[in-house]
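Have the model open in your viewer and let's walk through it together. We'll go from sheets to helices and then out to the overall dimensions.

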Amino acid sequence: MQTTIESRSRTVVIGDGAPFCVIGERINPTGRKAFQAQLQAGDLSQLEIDVAEQVAGGADVLDVNVGDPLADEIELMRAAVPMVQGLTDLPLCIDSSIIEALEAGLGAYEGKALVNSVTGEDERLNLILPIVARHGAAVIGLANDDEIPMEPERRLEVARKIVSVAGDHGIPPQDVVIDPLAMPVGAEPRAVTLFLETVRLIRDNLGVNMTCGASNTSFGLPGRHALGAAFLAVSQSHGLTSAIMDARARECVESVRATDFLLGQDEWGARWIAAHRAKLAAQAAQAATS
Amino acid sequence: MTTDEILQGLFDNTLIGNAPAVKDLTNEGLAMGMDPETLLYDALIPSLEEVGARFERGDFFVPEMLIAARAMQGALDILRPLLAETGAKPIGTFVMGTVKGDVHDIGKNLVNIMLEGAGFTVYDLGVNVAPEKFVEQVQEHEPDIVGFSAFLTTTMPMFKANINALEKSGLRDRVIVMVGGAPVTQEYADAVGADGYAADASTAVRLAKALIENRRSAAAPA
């Protein structure tokens, strides 16, 4: 199954032989006090840096979250989406828990966006899916309802429900990307094994594409990038087809591209080798100017 | 083993999260006739405070904090009934939960353990708690304090929704509201009309005690 997301001029495919889709997570004020203050002042200039760094890091899609409770998130989203689209031709993932902000973002977006996100709760499904359908977007479905099930089978059931209700709203399964819920392994030793089992179950039973907040896994731990790289590789081998992740973390992005190659999604390593050449060229260019 | 060795052993083993040793030492101390309060206040709480300080400094990581808290929890399970027997009244009652739309609970759980260690009775409502649920539980338990936790900038607005729900049910004046979580600031706590905000678990406990004391002395007849 293939999920496509589009900007004006670029189409990104998730799943079915396509390279793993790296969704850059950086445009998000969580844990960024300075960025929060800028958002409260209506200042979006930080996005120029965030976009450039993630594009350079190798992101395929960029997540846009400008949620701050002391800022006007709806107006910020309305302004941020065209601004980011002016800075890059990567497709975007519109990220908010506020319905009006999702609508504002989708209204301002040119192309087919990914919406982050809906849960399996009836109230959220009924609020968000009509908007997704109206804009012809794709949507991320979190495999939890009012609680996070700690059994993979129950997460599968929530995922199944989301795909089914999305269908009722005219959203086909290929436009539903399930998040099997990556949780901090530092707080729950079984977090990742549960996750992997859930990924496998969803792949075998629903066949839909999957993404996750990969950075959650390493929360509160040292060596986050090394943990992230290992988590991504092992998840990819179980059937994960995308991740919302730190596209500025070279270790993580390289792990994903290496795993693409190892799992036969980068025939003859053409992209792996091209990336190597691009890196050499960039180094040479930098040496020449310094 | 001397009483000092028991206290030192409790401190050291809580620090490294050795739950079986903490449980054994607690039982051993009690068998030697040591006071439950001594074990709690001279070893367990100082140890967990040290864990918190190391975490703040970046010397300790989340799993170390959690296993230390779990080790202390094991000791508390033994000590709680004894502390109740000695007639030590709970310092206060706390209803606690992560707000609706948010499922992060690591910080909240740590605050709960610190509160219990300090002598509070804590009713933990878990994660993704709707305003109606907070109202219902405040009605049922009549706590001194209700605590709202949020980890995401996008779920912080639920503080206000919860406070509004308490107001609508006529409960707002009967309970102290504390808020916390990674993105929360004093400024935001003030903006939503909370009574207290703390940046970490130890501060939360100190503030909770102070807020209860203020309220009780304000309520006492002059």
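**A walk through the two chains**

In chain A, strand β3 (residues 21–27) pairs with strand β4 (residues 61–64) in the parallel sense, over 3 bridges. To pick out one of the pairs in your viewer, look at A:Gly24, whose bridge partner in β4(A) is A:Leu62. Keep in mind as you go that this is a predicted model.

Zoom out from that pair and you'll find an open sheet of 8 strands in chain A, with the order β9-β8-β7-β6-β5-β4-β3-β10 and parallel pairing. At its edges sit β9 (209–210) and β10 (242–245) of chain A, each pairing on one side only.

Now hop over to chain B. Here 5 strands make an open sheet, ordered β2-β1-β3-β4-β5, and the pairing is parallel. The edge strands of chain B are β2 (120–124) and β5 (196–197), and each of these pairs on one side only. Within this sheet, strand β3 (residues 145–149) of chain B runs parallel to strand β4 (residues 176–180) of chain B, and 5 bridges join the two. One of the pairs to look for is B:Ile145 with its bridge partner in β4(B), B:Ile176.

What lies across that sheet? Helix α9 (residues 201–219) of chain B lies across β1 (92–98), β2, β3, β4 and β5 of chain B, and runs at about 165° to β4(B).

Read from the N terminus on, its elements go α-α-α-α-β-α-β-α-β-α-β-α-β-α.

Which residues of α1(B) are buried? They are B:Ile6, B:Leu7, B:Gly9, B:Leu10, B:Asn13 and B:Thr14. Seen down the axis of α1(B), these buried residues fall within an arc of 165°, so they line one face of the helix. The spacing is worth a thought here: an α-helix has 3.6 residues a turn, so residues three or four places apart point the same way.

And what does that buried side of α1(B) pack against? Its buried residues pack against α2 (19–31), α3 (36–57) and α4 (62–85) of chain B. Just after α1(B) comes B:Gly17, which takes a positive phi of about 70°.

Back out to the whole of chain B. With 222 residues, a compact globule would have a radius of gyration near 17 Å, and chain B comes in at 18 Å, so the two agree. Along the principal axes, the C-alpha atoms of chain B fill a box of roughly 55 × 45 × 25 Å. Of the 222 residues in chain B, 45% count as buried. As for sequence separation, take the contacts in chain B between residues at least 6 apart in sequence: 75% of them join residues at least 24 apart.

Finally, bring both chains into view. Their contact takes 19 residues from chain B and 21 residues from chain A. On the chain B side, α4 and α8 (186–192) are the elements that give two or more residues. The largest share of that side, 3 residues, comes from α4(B).

Technical notes: Residues are numbered from 1 along each chain as its sequence is written. Chains are lettered from A and ligands numbered from 1 in the order in which they are written. This is a predicted model: local features need pLDDT of at least 70, side-chain atom pairs count only at pLDDT 80 or more; totals for chains, interfaces and linings use all residues. Two strands pair if DSSP finds at least two bridges between them. Helices (H or I, at least four residues) and strands (E, at least two) are DSSP runs, numbered from the N terminus. Two residues are in contact if their C-beta atoms, placed from the backbone, lie within 7 Å. Axes are lines fitted to C-alpha atoms, for helices over the stretch in contact, and angles run from 0 to 180 degrees between N-to-C directions. A residue is buried if 20 or more other C-beta atoms lie within 10 Å of its own, exposed if 12 or fewer, and partly exposed in between; C-beta atoms are placed from the backbone. The arc is that of the directions from the helix axis to the C-beta atoms. The radius of gyration is taken over C-alpha atoms; the globule rule is 2.2 Å times the number of residues to the power 0.38.
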